[in-house]
Amino acid sequence: MATLIFKGIKKVYTPGDRPAVDDFNLQIKDKEFVVFVGPSGCGKSTTLRMVAGLEEITDGELYIDDILVNDMAPKDRNIAMVFQSYALYPHMTVYNNMAFGLKLRKEPKDMIDEKVRNAAQILGLTEYLERKPKALSGGQRQRVALGRAIVRNAKVFLMDEPLSNLDAKLRVQMRGEIIKLHKKIETTTIYVTHDQIEAMTMASRIVVMKDGFIQQVGAPKEIYDNPNNIFVGGFIGTPPMNFIEGKVDKKGIFTGEGISVKISKFHQELLEKKSYIDKPIVLGIRPEDIHDDEKAKEQFKDAIVKIVVDVAELLGSETSIYAKVGDSDVTAMIPARVDIQIGDELHMAFDMEKVHFFDQETTQRIK
Amino acid sequence: MRYDVYIHQDKILDDLGEIFDDLNNHTIIEHVADDLMKITILLDLEEELVDLNMVHASIMSDFGVDTTMVYVKDNVYYYLSQSLIIEKVRHLDTAVYDISGLLLELSKNKNTKVNIKRHMVDYIGQENIDTILMIAKKNMNLSVTAKKLYLHRNSLNYRIDKIHQKTDVDVKKFRGLRALVSILE
């Protein structure tokens, strides 16, 4: 178990090129499960590889348990890795796969046996110990790969998109298993994914990255409720947050293409204080904060917006509505309704307490 | 036929041999150079070992190093010399390359490309080369390709299988076709 400190970490592959990771500052506490999330090419895997020692750090300092590890050989860092490609030797049995790393470290045979059987028990692999990887399912293979990490008694687990090879159903199941495993062994874990659902469901803290920079660090709920910028608001959450461009006048009316709504007193004071009155801004609202019930329409009677339905999808317990407000695409999630047709005009209430406002130029949330 | 895996890693080469110890007399482990190991594996084990991506990840996990791995069947030596593979493997990114990936990398050097192309023409014949290029020209539409080559569709399939057997590259797959075209065009 360990703490990790990233101080101004930077990675440049080719001098003169844009850094793959830049100004990366983060502290990871002991036993934490931190998820790096972001689109492809955002630098999350590069950062993980720097922790593992597979990539050199161009600039900055990386500490594991207060020891500077920039120049420490990977094998001395006591880190275990789990990858998208199952880290398994195809010609070895499950037992030998788990034991191999320990044999390399010249651990005594009885100790190896104990560790392997213990890990197999934790992961429910005891009956598969004599099988070879090809006789296992994808989920079982990844469990063996996890087992190989567990037997090492590593200080830190690094997981690089470990569930990407699995089908959707198995991924959900393995997500749960990894969380349970972390609860059981409490090893500090960094988990890299581009799947924001994995990030939301697994992390004790999420690090959202884009273009090599950290966009926001926080607990899943905190990031969901208070995104730092338009990117984070759009990336975290399914369906993503809706964004509508417009201006707020002195009376506190937000006006954009096809929309004119009264904003809350809190937001009006905030925008006044930050001098955003009559300046171009972006309103952000989550799909579940757009309502069609009478109670909400009464509560937010100054924030009723006319929308034209593009598509209505009944998902069982709820209906997602894809619609247009002026030129902007808007998605709303409302309780299940079957009577909504394409082309329908609906009047929906925006929960103005829950909207966010972003600077149109910097894309940062106004706070 | 045999199956060769070239592993480039300058720090822990000696230890890497241990991975293949389990295969006992099914493998021949050679240290081609200080930083390069060649493991020859009998073909009947190919099926089990085909996913070298797993071995690659395992080496990273066990040894904490990234490696470059190239794996080829021995029929590729009819158009690709071992010395060329050995020379090239050191300059590749750390990853796993099959023959298609390797050819694509080799095609980036004009002299190398011309050299391989010459050997390939001698080995598989101009008729097969024309077939490969026509498949590419017709966007992998095999029916149209067969028509253009005045072949029955089954004859085209037969030719494609022959090309696959000889070069170990499957031109029915985009990766394979792309690799061969990058050498032949």
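How many bridges join β17(A) to strand β18 of chain A? To find out, select residues 318–325 of chain A, which form β17, together with residues 328–335, which form β18. Eight bridges join these antiparallel strands. Strands here are DSSP runs of E of at least two residues, helices are runs of H or I of at least four, and both are numbered from the N terminus; two strands pair if DSSP finds at least two bridges between them.

The model is predicted: local features need pLDDT of at least 70 and side-chain atom pairs count only at pLDDT 80 or more, whereas totals for chains, interfaces and linings use all residues. Residues are numbered from 1 along each chain as its sequence is written, with chains lettered from A and ligands numbered from 1 in the order in which they are written.

Within this pair, select A:Ile321; its bridge partner in β18(A) is A:Ala332. Proceed to the turn of the hairpin, where two residues separate β17(A) and β18(A) and A:Gly326 has a positive phi of about 60 degrees.

A:Val309 has A:Ala323 of β17(A) as its bridge partner. These strands also form a hairpin, with three residues between them, and A:Gly316 in the turn has a positive phi of about 110 degrees.

Finally, display both chains. The contact (C-beta atoms, placed from the backbone, within 7 Å) takes 23 residues from chain A and 22 residues from chain B. On the side of chain A, β6 (79–82) and α2 (94–104) each give two or more residues, and α2(A) gives the most, with four.

Technical notes
Two residues are in contact if their C-beta atoms, placed from the backbone, lie within 7 Å.
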